[in-house]
Amino acid sequence: MEISEVRIKLMNDPHERLLAFCSITFDVSFVIRDLKIIQGAKGAFVAMPSRKLMDRCPKCHMKNHLRSMYCNQCGVRLDENRAAKDDSGRARLYADIAHPINSECRELIQQEVIKAYQEEKISAQKDGYICRYDDFGEEDFARLSPNAEEFDSAPPVETQATESTQIRKNNQTFRIDSGTQSQESIQPHHSAADQSESEKISANENETRSRGDGFGSGIV
């Protein structure tokens, strides 16, 4: 078995332990994707593609990740320390999807991938560098729908400074100018004592309508 190709996708954050993703091709026939190059305490190493380990809720039988504190379905409290431990005492939270079954194959993959990673870092510094790793467009920006573009390009609605609103309160008509916040009485003033009972009820109804039906209307 020979590794015929290795493709590298470098990560841009120097503070993260994840250095790169990579894919390897065996005998120009079989590809394994999403291997990770991770910075460890003793240097960079290759991690195989993996999936999260899960178990079922004893109450509703819904699957949850082993670190879940609550069931995603019924909300019952789960023991977050229920994951099995490996030989070094660490919780086993992931399982490799594809991996070598002997040390010779693992060492071969480690050497070829790290070598390709070092070469990719040098190539990335050159003008016109293009990454050959196929991420199926997952890093591309989505296109906006035509409706969204029309909405964003619509000119903003401007409010005239001289715009005014008329309201009626206690059998009086007032004009409120947006620019000056002035109030002007259009009809002569009548005291509440001069109003009949029906006029008082009509005035109260008009006052309620003038407040509008928006949030907070009717709160005194």
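# Pocket, core and selected residues of a predicted model

Strand 3, strand 4 (43–47) and strand 8 (94–96) each contribute at least two residues to the lining of the largest pocket. The model described here is predicted. The space in this largest pocket amounts to about 600 Å³. Its lining comprises 17 residues, of which Ala47, Ser50, Tyr94, Ala95 and Asp96 are the closest to the pocket centre.

## Overall architecture

The secondary structure of the protein consists of three helices and eleven strands. Along the sequence, these elements follow the pattern β-β-β-β-β-β-β-β-α-α-β-β-β-α. Of the 220 residues of the protein, 22% count as buried. The protein exposes about 17000 Å², and carbon and sulfur atoms supply 50% of that area. When contacts between residues at least 6 apart in sequence are considered, 36% join residues at least 24 apart.

In soluble globular proteins, nonpolar side chains tend to be buried together. The largest nonpolar core in this model has 19 residues, and those with the most contacts inside it are Ile8, Ile24, Leu35, Ile37, Ile109 and Val113. Two or more residues of this core come from each of strand 1 (3–10), strand 2 (18–26), strand 3 (30–40) and helix 1 (103–123). Helix 1 gives the most, with six residues. A second, separate core has five residues, including Leu53, Leu66, Leu93 and Ala95.

The surroundings of isoleucine 109 can be described in more detail. With neighbours within four places in sequence left aside, isoleucine 109 is in contact with Ile3, Ile24, Phe26, Leu35, Val46, Met48 and Pro100.

## Cysteines

A disulfide is a covalent bond between the sulfur atoms of two cysteines. The structure holds zero disulfides. Cysteine 71 takes part in no disulfide, and the nearest cysteine sulfur, that of cysteine 60, is 3.4 Å away. Cysteine 71 counts as buried because its relative accessibility is 5%, the cut-off for this class being under 20%. For cysteine 74, the closest cysteine sulfur is also in cysteine 60, at 3.7 Å, which is too far for a bond; a disulfide requires sulfur atoms within 2.5 Å. Cysteine 74 counts as partly exposed, with 31% relative accessibility.

## Selected residues

Serine 23 lies in strand 2. Its relative accessibility is 8%, so serine 23 counts as buried. Leaving aside residues within four places in sequence, serine 23 is in contact with Glu5, Val6, Arg7, Val31, Ile32, Arg33 and Tyr133. Serine 23 and tyrosine 133 are 110 residues apart in sequence, while their C-alpha atoms are 7.4 Å apart in space.

Serine 68 is located in the loop between strand 7 (63–65) and strand 8. Serine 68 touches Leu78, Glu80 and Arg82, residues up to four places away in sequence not being counted. Serine 68 is buried, its relative accessible area being 15%.

Alanine 91 is also found in the loop between strand 7 and strand 8. Neighbours within four places in sequence aside, alanine 91 is in contact with Arg67, Ala83, Ala84 and Lys85. Alanine 91 and asparagine 81 are ten residues apart in sequence and 8.2 Å apart in space, C-alpha to C-alpha. Alanine 91 is partly exposed, with a relative accessible area of 27%.

## Positive phi values

Most residues other than glycine have a negative phi, and most peptide bonds are trans. Aspartate 27, although not a glycine, has a positive phi of about 55°. Aspartate 27 is situated in the loop between strand 2 and strand 3. Histidine 61 is likewise not a glycine and has a positive phi, near 70°. Histidine 61 lies in the loop between strand 6 (54–56) and strand 7.

The relative accessibilities of several residues discussed above are collected here.

| Residue | Relative accessible area | Class |
|---|---|---|
| Cysteine 71 | 5% | buried |
| Serine 23 | 8% | buried |
| Serine 68 | 15% | buried |
| Alanine 91 | 27% | partly exposed |
| Cysteine 74 | 31% | partly exposed |
| Aspartate 27 | 41% | partly exposed |
| Histidine 61 | 52% | exposed |

Definitions and conventions
Residues numbered from 1 in each chain as written. Predicted model: local features only at pLDDT ≥ 70, side-chain atom pairs only at ≥ 80, totals over all residues. Heavy atoms only, no water. Core = buried A, V, L, I, M, F, W, Y, C linked by side-chain atoms within 4.5 Å. Buried < 20%, exposed > 50% of the residue type's maximum accessible area, 1.4 Å probe, protein only. Helix = DSSP H or I, 4+ residues; strand = E, 2+ residues; numbered from the N terminus. Contact = heavy atoms within 4.5 Å. Areas by Shrake-Rupley, 256 points an atom, 1.4 Å probe, with all protein chains shown as cover. 1 Å grid on protein atoms, 1.4 Å probe; cavity = no way out; pocket = protein on both sides within 12 Å on 5 of 7 lines; lining within 4 Å. Points joined across faces, edges and corners; volume = space filled by probe spheres on them.
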